[in-house]
Amino acid sequence: MADNIELLMSFGLTRQEGKIYVLLLTEGALSGYEAAKRSGISRSNAYGALAGLVDKGAAYVLEEQSVRYEAVPVREFCANKLHFLSEAAQTLEQQISKESGPSENYITIRGRRHVEDKFRNMLLGTKERVYLSVSTEIVELFREELETLILQGKKVVLLTGADCPVEGALHYVKEHMDNQFRLISDSRYAMTGEIQDETHTTSLFSANPNLVRLLKEALANDIQLIKIKTNGGL
């Protein structure tokens, strides 16, 4: 249940609201007194959490002889929240002035979720081509985005294991892949790092031409070695 509550907190619920919401989903409509008793939360906090759920669109009030609360289905609640956030994002993008251009600073990104988010956004923002050296396990995480790029007619070059899950990519088989990755988008943006668990995942991102050139040369050398081995040169 703890993991579910953490996820619900990502949708704007407090921990107590998340706990009550899960309770309503599993046990059906409850009064404030029943919710407090079954959740182990004080009555005042339980009533506050229920009011918060109603205000945030996660519960309905059932007007009966005694007031009870019913959970909005998870899919509906999450879809409504995502729709609102999508509209809010569009409004912010239109109203806040755009940045002048990509930063050439070297930016350190820590935490697996943050690194994966940046990885995904780089792929989504690719206009022409992407070069990626990474294990097949990590490729699988972003297969949908890579396949979308290929369908859009954009060039996708992968240096990864023999079992490549992305059809249509220009694939070079690289042996002994580990958690290290290198990613170049449109010869403008580069990111390199290591994907492990949440705590130990870190990466370096930049639009600095020096980093882009360094990673391009490293990938070009890897591709050349692979071609030589494939042709029996080594």
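In which sense do strand 8 and strand 9 pair, and over how many bridges? In this predicted model, local features need pLDDT of at least 70 and side-chain atom pairs count only at pLDDT 80 or more, while totals for chains, interfaces and linings use all residues. Residues are numbered from 1 along each chain as its sequence is written, and side-chain values use heavy atoms, with hydrogens and water left out.

Strand 8 (residues 189-194) pairs with strand 9 in the antiparallel sense, over five bridges; strands are DSSP runs of E with at least two residues, helices are runs of H or I with at least four, and both are numbered from the N terminus. Pairing requires that DSSP finds at least two bridges between two strands. Ala 190 has Ser 206 in strand 9 as its bridge partner. Strand 9 (residues 202-206) also pairs with strand 3 (residues 107-110), in the antiparallel sense and over four bridges. Here Thr 108 has Leu 204 of strand 9 as its bridge partner.

Elsewhere, Val 67 lies in the loop between strand 1 (59-62) and strand 2 (68-71). Its relative accessible area is 39%, so Val 67 is partly exposed (buried means under 20%, exposed over 50%, partly exposed in between; 1.4 Å probe, protein chains only).

Arg 38, located in helix 3 (residues 32-39), is likewise partly exposed, with a relative accessible area of 46%. When neighbours within four places in sequence are left aside, Arg 38 is in contact with Leu 23, Glu 27 and Leu 30 (heavy atoms within 4.5 Å). Between Arg 38 and Glu 147, the C-alpha to C-alpha separation is 47 Å in space and 109 residues in sequence.
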